[in-house]
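Keep the sequence and the 3D view side by side.

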Amino acid sequence: GVRMLQSAEDVPSGKDAGRFLVQEYIANPVTVSGRKHTLRVYVAVTSVQPLRIYWLQDGFVHQATQNYTTDPDKINEITVHVTNPDVQGTQFQESGGADMYWNLTRFRQMLREDPELDEAEVWRDAERVVVKTLLSVQDILSYCSGTYAKHRGTSFEVWGFDLMVDRNGKVWLIEVNHTPSTNTDFPQTRPIKDWMVGDLVAMVHSTPQEKAFWRSAVQQRLQRIGWDE
């Protein structure tokens with residue numbers, strides 16, 4: 001599970017502490033409708049040497065179910081501080097994700113309307129975070145690619161990057177999800193995930209005719225569910 005700690009002395013220690021990861025707490029996040037957020041961006045890598053990265057043009061924004069506060073009395077209220085729907089639990093499920101998911105297009109528009117933030121620079125910083133993260137594991141990816149895919153250009157991978165933007169416009173890496181879920185338990189995520197899968201299929205090892213077919217099929221599905229942007 002996830003726990004909030006107020007000092008280094010609170011970090012478990014000793015032989016019975018178990019294995020865990022400690023992350024710096026981002027205390028000044030950009031808030032969405034008053035709530036803390038994380039951005040989910042999808043990235044596909046089709047080559048490791050050289051590194052070739054594709055970024056889906058849209059993604060979505062996870063939001064907490066409770067308004068953000070730095071009140072010490074609410075430090076242990078996970079629904080204030082953690083945006084993961086699995087952690088948010090029944091409150092998120094009961095809401096059906098209503099207004100807890102935004103797409104990145106809407107989020108970027110919010111940044112453009114904020115006089116204290118430079119939306120274009122925020123996005124350049126997000127791109128730098130993604131590239132530097134993949135460069136940091138390029139040797140490992142190259143080894144795995146060479147082990148399991150004997151011929152260049154015959155494999156690809158998709159990652160879900162979870163990012164957070166603070167009030168200074170800095171982008172923080174929260175985590176990277178290997179083989180991110182394509183389940184559409186919440187209707188707000190279906191258009192983005194449909195688009196992601198369709199674009200991926202169209203991009204990887206497809207003839208021009210196949211690419212046109214898949215893009216047309218995805219567009220028709222998005223129109224059927226009422227999302228044809």
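Ser 33 is partly exposed, with a relative accessible area of 43%. Ser 33 sits in the segment before β1. Its phi is near 55°, a positive value in a residue other than glycine.

The model is predicted: local features need pLDDT of at least 70, side-chain atom pairs count only at pLDDT 80 or more, and totals for chains, interfaces and linings use all residues. Residues are numbered from 1 along each chain as its sequence is written, and side-chain values use heavy atoms, with hydrogens and water left out.

Now the overall layout. The protein has eight helices and six strands. These are DSSP runs numbered from the N terminus: H or I of at least four residues for helices, E of at least two for strands. From the N terminus on, the order is β-β-β-α-α-α-β-α-α-α-β-β-α-α. Of the 229 residues in the protein, 38% are buried. Among contacts between residues at least 6 apart in sequence, 65% join residues at least 24 apart. Contact means heavy atoms within 4.5 Å.

Met 4 also belongs to the segment before β1. Met 4 counts as buried, at 14% relative accessibility. Leaving aside neighbours within four places in sequence, Met 4 is in contact with Tyr 25, Ile 75, Asn 76, Ile 78 and His 81. Met 4 and Val 82 are 78 residues apart in sequence, yet 9.4 Å apart in space, C-alpha to C-alpha.

Val 82 leads on to the largest pocket. Val 82 is among the residues nearest the pocket centre, along with Val 2, Asn 84, Ile 174 and Glu 175. The whole lining counts 42 residues. A pocket here is an open set of points on a 1 Å grid over the protein atoms alone, where a 1.4 Å probe fits, with protein on both sides within 12 Å along at least five of seven lines; lining residues have an atom within 4 Å of a point. About 1400 Å³ of space lies in this pocket, taken as the space filled by probe spheres set on the points, which are joined across faces, edges and corners. β6 (171-178) gives the most to the lining, with five residues. β1, β3, α2 (85-88) and β5 each supply at least two. The lining divides into 20 nonpolar, 13 polar and nine charged residues. Nonpolar covers Ala, Val, Leu, Ile, Met, Phe, Trp, Tyr, Cys and Pro; charged covers Asp, Glu, Lys and Arg; the others, Gly among them, are polar.

Turn to helix α4, residues 104-112. Its buried residues are Leu 104, Phe 107 and Leu 111. They cover an arc of only 60° around the axis, so they lie on the same side of α4. The arc is that of the directions from the helix axis to the C-beta atoms. An α-helix has 3.6 residues a turn, so residues three or four places apart point the same way. The buried residues of α4 pack against β1 (35-47), β3 (60-67), β4 (101-103), α5 (119-136) and β5 (157-165).

Glu 119 is found in α5. Glu 119 is buried, with a relative accessible area of 10%. A polar contact of 2.6 Å joins the side chains of Glu 119 and Arg 108. Such a contact is a pair of N or O atoms within 3.5 Å; within protein, one must be able to donate a hydrogen and the other to accept it, and residues adjacent in sequence count only if both atoms are side-chain atoms.

How values were computed
Buried means under 20% relative accessible area, exposed over 50%, partly exposed in between (1.4 Å probe, protein chains only).
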